[in-house]
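Trainee: Could you take me through one part of this structure close up? I'd like to see how a single residue sits among its surroundings.

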Amino acid sequence: MGDTPRRLLQRLIRRIPAQELKPTLEKWGRLSQAQLQTIDFTQSKWALTGKLGTICEERNWAVKHITELELIYVIDNPNLGMWHTFQLMDPRDNAHTVELLQFKEQFKSNLSELIRNVSVKIKKHTDEAVWIRIAWGDGLSQPNHFKPTYVVHYLQTPYVFVTSLNSKQKPLLSQALVLATSYHAIKDANLSGRKFTAIRDLLMRQYEQVFPRKFHSPLKERNQIVTDPHIEREQAESSANRLQMACEAFGGGKLPQLQSAVYKLETKFRGHNKSMTQREEPIRCVVKFASTNILESLRNCASSGIASTPVTPLLSSIPLKGRNYFVITDNGPGPSQTRQQN
């Protein structure tokens, strides 16, 4: 085993929590039960790294084997970086029939043609997600396995999730994805976050949604607290209506754990200051809402009466459009308008 796989193994063992190490190695499947039994998982990470390094030396495992182990760990622990979303556009006739083998061959071939010295590992997860690990190099340097990019794509859908991608690599990845999935283009979906499952569920609508009804009966409050009966009778109707509108805007039940929403405002100055009103460049500011669960917080604000209902489209657009980044532009003397950032 060379220096690179040894260093990769050392770094990976340090990252994996002690209680997860044995299950991760079992999923890897490259160690026999006899070899696993020789490892004392109560030892220090330093001792464990040495033991595993010895086994890897004996088996002559290379970088591809260690990166396979890393990919297994990342799939089980996806909330380790900032995820960004993209949406494929204009599908070709065969876009909805692309299978895993075809995708793997096309993606690896296309990316290898665009850049020399690139290493790609692809694994299909049990939930049908295709996980891709990319180590980037260039014409002069070998792939850097210590700073990989991770990509998740659900076949037969237009959604792609990416973490640890820089601006130089973005057009290369975009072109390889477009060709491999049989689409014509790809765009930024303006949704990002550290909770992979949250942005996936929000973008793919995998949570309980509440749709408006023409003649609806208000939803029942969950976990109602018994209050004074006279106050309860007086406020029951308005409280139920607020809850209904809040759930229609943000969803019912457990919501995706999105952690932030960003609004960028671009507007002209209005006032009596000539130097400001004649300024060509717009005034820019950014408003950021942050919470451990921004959708849950906004729903609670609306249902409790802290925020007005019906919910403003600026907030209800988060689940409706599956985005958490918006640009609000002022195109004239009239009301400000929201436009989509592509």
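Mentor: Let's start with where to find it: His153 lies in strand β4, residues 149-154. Strands here are DSSP runs of E with at least two residues, helices are runs of H or I with at least four, and both are numbered from the N terminus. Keep in mind that this is a predicted model, where local features need pLDDT of at least 70, side-chain atom pairs count only at pLDDT 80 or more, and totals for chains, interfaces and linings use all residues. Residues are numbered from 1 along each chain as its sequence is written, and side-chain values use heavy atoms, with hydrogens and water left out.

Now, is His153 buried or exposed? His153 counts as buried because its relative accessibility is 2%; buried means under 20% relative accessible area, exposed over 50%, and partly exposed in between, using a 1.4 Å probe and protein chains only.

So who's around it? Leaving out residues up to four places away in sequence, His153 touches Leu88, Phe103, Glu128, Ala129, Val130, Tyr159, Val160 and Thr181, where a contact means heavy atoms within 4.5 Å.

Zooming out, the chain has 12 helices and 10 strands, and 42% of its 342 residues count as buried. Its mean pLDDT (the predictor's confidence in each residue, from 0 to 100) is 86, with 87% of residues reaching 70 or more. Over residues 334-342, though, pLDDT is below 50, and this stretch has 24 contacts in the model beyond near neighbours in sequence.
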